[in-house]
Amino acid sequence: MKKGKKYIEKAKEIERSRLYSPKEAIEWILNNHYVKFEESVDISINLGVDPRKADQIVRGAIVLPNGTGKVPKILVFAQGEKVKEAQDTGADYVGGEDLVEKISGGWLDFKVCIATPDMMKFVGRVAKILGPRKLMPNPKSGTVTFEIEKAIQEAKSGRLEYRTDKNGVIHGTIGRVSFEPKKLIENYMSFMNAILKARPSSAKGKYIKGIYLSSTMGPSIKIDPAGDLKEEVA
């Protein structure tokens with residue numbers, strides 16, 4: 001991908017021969033983002049796992065303490081009394097087979113998909129559409145549940161799902177460039193702790209191979225995985 005002039009200029013300011021602490025990287029990003037829209041602060045973690053093996057896929061969800069700074073559009077597959085519960089809690093779209101038909105026709109105007117267990121027989125019809133886009137409800141990530149109110153509230157408050165891609169890398173967002181550094185550091189800590197706890201027992205050798213932080217359009221900064229954040233948060 002061809003990089004713009006400002007990107008190249010900013011990238012030159014980063015010392016590629018060293019590892020940055022999370023605090024240093026976050027402060028650099030907040031002081032050097034250059035586009036007009038409010039960028040997210042993104043994280044990429046290269047893990048020492050083999051995602052081709054089912055028992056080494058790292059997957060889960062976490063509610064960041066300070067949210068992500070963006071409220072996603074939420075779709076809920078439900079029926080009966082759960083429809084009203086979803087509507088009252090603030091879901092953007094609620095339905096059943098009617099939504100399956102819309103998705104089959106190419107409609108995907110949502111970022112989070114939640115379903116009650118009894119609706120999964122219908123959701124399965126569009127699994128090939130939702131799956132590749134990481135929208136398929138899953139019990140492990142808490143999006144297949146009868147606790148609709150809780151699931152929606154978590155999604156709105158900064159619940160973040162993560163999963164290794166085909167290269168063993170996890171991508172996520174820890175906030176926005178409008179956040180205070182302390183809030184971004186707290187989110188970073190929570191995200192990293194979740195990844196460390198999710199380490200598969202079958203994964204051998206070095207687990208965290210590389211950590212990178214960047215703004216949406218900015219250059220990435222390599223983080224020291226051994227860095228201690230306790231003093232930085234204080």
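This is a predicted model: local features need pLDDT of at least 70, side-chain atom pairs count only at pLDDT 80 or more; totals for chains, interfaces and linings use all residues.

I began with contacts (heavy atoms within 4.5 Å): of those in the protein with a separation of 6 or more, 72% are between residues 24 or more positions apart.

Residues are numbered from 1 along each chain as its sequence is written, and side-chain values use heavy atoms, with hydrogens and water left out.

**Overall build.** I found nine helices and nine strands; these are DSSP runs numbered from the N terminus, with helices being H or I of at least four residues and strands E of at least two. The radius of gyration, taken over C-alpha atoms, is 19 Å, close to the 17 Å that the globule rule gives for 234 residues, so the protein is as compact as a globular protein of that length. That rule is 2.2 Å times the number of residues to the power 0.38. I also noted that the C-alpha trace spans about 55 × 45 × 40 Å along its principal axes.

**Burial.** I looked up the buried share, and it is 45% of the 234 residues. Buried means under 20% relative accessible area, exposed over 50% and partly exposed in between (1.4 Å probe, protein chains only).

**Cores.** A nonpolar core is a set of buried Ala, Val, Leu, Ile, Met, Phe, Trp, Tyr and Cys residues joined through side-chain atoms within 4.5 Å. The largest one has 35 residues, and Ile-43, Ile-45, Leu-47, Phe-191, Ile-195 and Leu-213 touch the most other members. Among the elements supplying at least two residues each are α2 (22-32), β1 (40-47) and α8 (181-197). The largest share, seven residues, comes from α8. I then found a second, separate core of 16 residues, including Phe-77 and Met-119.

**Ile-195.** Setting aside residues up to four places away in sequence, I listed its contacts: Ile-45, Leu-47, Tyr-162, Ile-170, Tyr-207 and Ile-208.

**Ser-214.** Is Ser-214 buried or exposed? Ser-214 has 14% relative accessibility, so it counts as buried. This residue is in strand β8, and beyond four places in sequence Ser-214 touches partners including Ile-29, Asp-42 and Pro-219.

**Gly-69.** I located Gly-69 in the loop between β2 (59-63) and β3 (74-77). Beyond its neighbours within four places in sequence, Gly-69 is in contact with Arg-176 and Phe-179. Gly-69 and Val-49 are 20 residues apart in sequence, and their C-alpha atoms are 30 Å apart in space.
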